[in-house]
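Hi,

Here is the model I promised to pass on. Have a look at it first, and my notes follow below.

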Amino acid sequence: LAGQEQAMWHDLLVALALVFVIEGIWPFLSPNGLRQAMRAIAELDDRALRISGLVSMASGVALLYWIN
């Protein structure tokens with residue numbers, strides 16, 4: 001059990017590290033493009049943001065299901 005728990009924490013930290021790497025690509029490559037996108041996102045209404053969040057979460061769950 002201890003080995004499984006350690007492997008789980010390792011996988012979680014690897015996933016978190018990958019999130020940081022992926023999240024950092026856009027501001028590194030195109031800071032102005034990121035600023036423009038953030039301005040556009042800030043102008044969206046709550047419904048549009050919720051729908052995009054739902055689509056993102058559902059896509060992530062589907063990808064995880066497909067991988068595993």
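A quick word on terms: helix axes here are lines fitted to C-alpha atoms over the stretch in contact, with angles running from 0 to 180 degrees between N-to-C directions. Helices (H or I, at least four residues) and strands (E, at least two) are DSSP runs, numbered from the N terminus. Bear in mind that this is a predicted model, where local features need pLDDT of at least 70, side-chain atom pairs count only at pLDDT 80 or more, and totals for chains, interfaces and linings use all residues. Residues are numbered from 1 along each chain as its sequence is written, and side-chain values use heavy atoms, leaving out hydrogens and water.

On to the helix pair. H1 (residues 2-29) and H2 (residues 31-42) have axes that come within 5 Å and cross at roughly 110°. That makes H1 roughly perpendicular to H2 (the class for 65 to 115 degrees; under 35 is roughly parallel, over 145 roughly antiparallel, the rest oblique). Trp-26, Pro-27, Phe-28 and Leu-29 of H1 make the contact with Pro-31, Gly-33, Leu-34 and Ala-37 of H2 (heavy atoms within 4.5 Å).

As for the whole fold, the protein chain has three helices and zero strands, in the order α-α-α. Its radius of gyration is 16 Å, well over the 11 Å that the globule rule gives for 68 residues, so the chain is more spread out than a compact globule (taken over C-alpha atoms; the rule is 2.2 Å times the number of residues to the power 0.38). Those C-alpha atoms fill a box of roughly 50 × 30 × 20 Å along the principal axes.

Cheers
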